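Visitor: I have not looked at this one before. Can you put it up and walk me through a few parts?

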Amino acid sequence: MASIIAISNQKGGVGKTTTTANLGAALFHLGKKVLLVDMDPQANLSSALGLTELPTTTVAESLLDRKVPLPIVTIMERLDARLALVPSSLALASAEAALMNKLGRELRLRDQLAMVSGAFDFVLIDTPPSLGLLTINALVAADRVVIPTEARLFSLQGLQMMQESIEEVLYLNPKLQVVGVVLSKLDRRLKEEKLVSSYLRERWGAKVFQTEVGTNSKILEAASSGTSVFNYAGAEKAAEIYLALAKEVLDRG
Ligand SMILES: Nc1ncnc2c1ncn2[C@@H]1O[C@H](COP(=O)(O)OP(=O)(O)OP(=O)(O)O)[C@@H](O)[C@H]1O
Ligand SMILES: [Mg+2]
């Protein structure tokens with residue numbers, strides 16, 4: 001059975017999409033079958049993985065109509081490993097509004113994933129920077145959550161809100177657990193980031209991943225070129241960091 005992980009933080013721009021894409025690619029490189037689900041109408045994950053043409057069907061149609069299976073696009077494949085994507089597009093924004101009037105609106109992604117997750121070891125769900133119905137769908141579908149965060153004072157507020165949301169979602173998904181918090185854009189040259197990252201390690205203890213992703217222009221460039229750090233020249237160091245993060249995720253079951 002696949003391990004389903006939502007990558008979530010309602011704070012914007014903290015590295016959710018970057019973590020989803022590169023952690024997914026790292027798990028692929030470790031020989032896993034990985035499905036990435038883009039639950040953000042911004043569709044940043046879809047473009048970060050090189051999906052340039054607007055897909056004909058996206059996750060939106062499958063959320064609105066239970067009879068439409070999730071569209072799955074293969075990004076990379078080898079003998080034993082696979083990296084695949086359920087794409088999104090701006091249409092997901094209106095789908096979220098339409099979903100409000102549907103029965104079982106919070107359970108739609110969970111039930112759709114149940115049909116396909118058997119073919120994968122991991123499902124990683126990228127979520128939008130809000131606590132709307134799309135994020136709720138992701139948190140209800142997931143077994144576990146990875147919370148990417150910056151090491152800024154305002155980030156602490158985001159983490160607190162995230163914790164409260166997870167407690168709310170436990171009502172519909174009692175098995176939901178936090179795998180860990182990842183410092184996904186850390187700039188150790190800044191005093192504030194040094195202070196906040198040590199505070200985080202005190203406050204969240206072992207929940208904070210040992211692996212820290214520093215700010216690195218290659219990470220940004222790879223995403224803008226529509227690929228992971230594993231396929232981008234000069235990003236070898238970043239690739240090693242995401243491999244270390246993936247190993248920690250594997251160690252945490
Ligand atoms: N470690 C890093 N070093 C440099 N740039 C990074 C790093 N991580 C993320 N970025 C860049 O920061 C920006 C925000 O990252 P990303 O899109 O992953 O955040 P997000 O949380 O998904 O944002 P949103 O809330 O809008 O969905 C992107 O331009 C991304 O390329
Ligand atoms: Mg994003």
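Visitor: How are α4 and α6 oriented to each other, roughly parallel or roughly perpendicular?
Guide: This is a predicted model. Helix α4, residues 91-99, packs with helix α6, residues 133-141, at an angle of about 80 degrees. Angles of 65 to 115 degrees count as roughly perpendicular, so α4 and α6 are roughly perpendicular to each other. Their axes are 9 Å apart.

Visitor: Which residues make the contact?
Guide: From α4 there are Leu 92, Glu 96 and Leu 99, and from α6 there are Leu 133, Leu 134 and Asn 137. By class that gives four nonpolar residues, one polar and one charged.

Visitor: New topic. Which residues come nearest to ligand 1?
Guide: Of 19 residues around ligand 1, the nearest are Gly 13, Lys 16, Thr 17, Thr 18 and Asn 216.

Visitor: What part of Thr 17 lies 2.8 Å from an oxygen atom of the ligand?
Guide: A polar side-chain atom of Thr 17. For Gly 13, a backbone N or O atom lies 2.9 Å from a ligand oxygen atom. Asn 216 has a backbone N or O atom 2.8 Å from a nitrogen atom of ligand 1.

Visitor: How much of ligand 1 does the protein cover?
Guide: On its own, ligand 1 has 630 Å² of accessible area, and the protein covers 82% of that.

Visitor: Back to helices. At what angle do α1 and α10 pack?
Guide: About 75 degrees, with the axes 8 Å apart. That makes α1 roughly perpendicular to α10.

Visitor: And what residue classes are in that contact?
Guide: Nine nonpolar, four polar and no charged residues. Among them are Leu 23 and Ala 26 in α1, and Leu 243 and Val 249 in α10.

Methods
Residues are numbered from 1 along each chain as its sequence is written. Chains are lettered from A and ligands numbered from 1 in the order in which they are written. This is a predicted model: local features need pLDDT of at least 70, side-chain atom pairs count only at pLDDT 80 or more; totals for chains, interfaces and linings use all residues. Side-chain values use heavy atoms; hydrogens and water are left out. Axes are lines fitted to C-alpha atoms, for helices over the stretch in contact, and angles run from 0 to 180 degrees between N-to-C directions. Helices (H or I, at least four residues) and strands (E, at least two) are DSSP runs, numbered from the N terminus. Angles under 35 degrees count as roughly parallel, over 145 as roughly antiparallel, 65 to 115 as roughly perpendicular and the rest as oblique. Contact means heavy atoms within 4.5 Å. Ala, Val, Leu, Ile, Met, Phe, Trp, Tyr, Cys and Pro count as nonpolar, Asp, Glu, Lys and Arg as charged, and the others, Gly among them, as polar. A residue is near a molecule or strand if one of its heavy atoms lies within 4 Å of it. A polar contact is a pair of N or O atoms within 3.5 Å; within protein, one must be able to donate a hydrogen and the other to accept it, and residues adjacent in sequence count only if both atoms are side-chain atoms. Accessible areas come from the Shrake-Rupley method with a 1.4 Å probe; for residues, only the protein chains shown count as cover.
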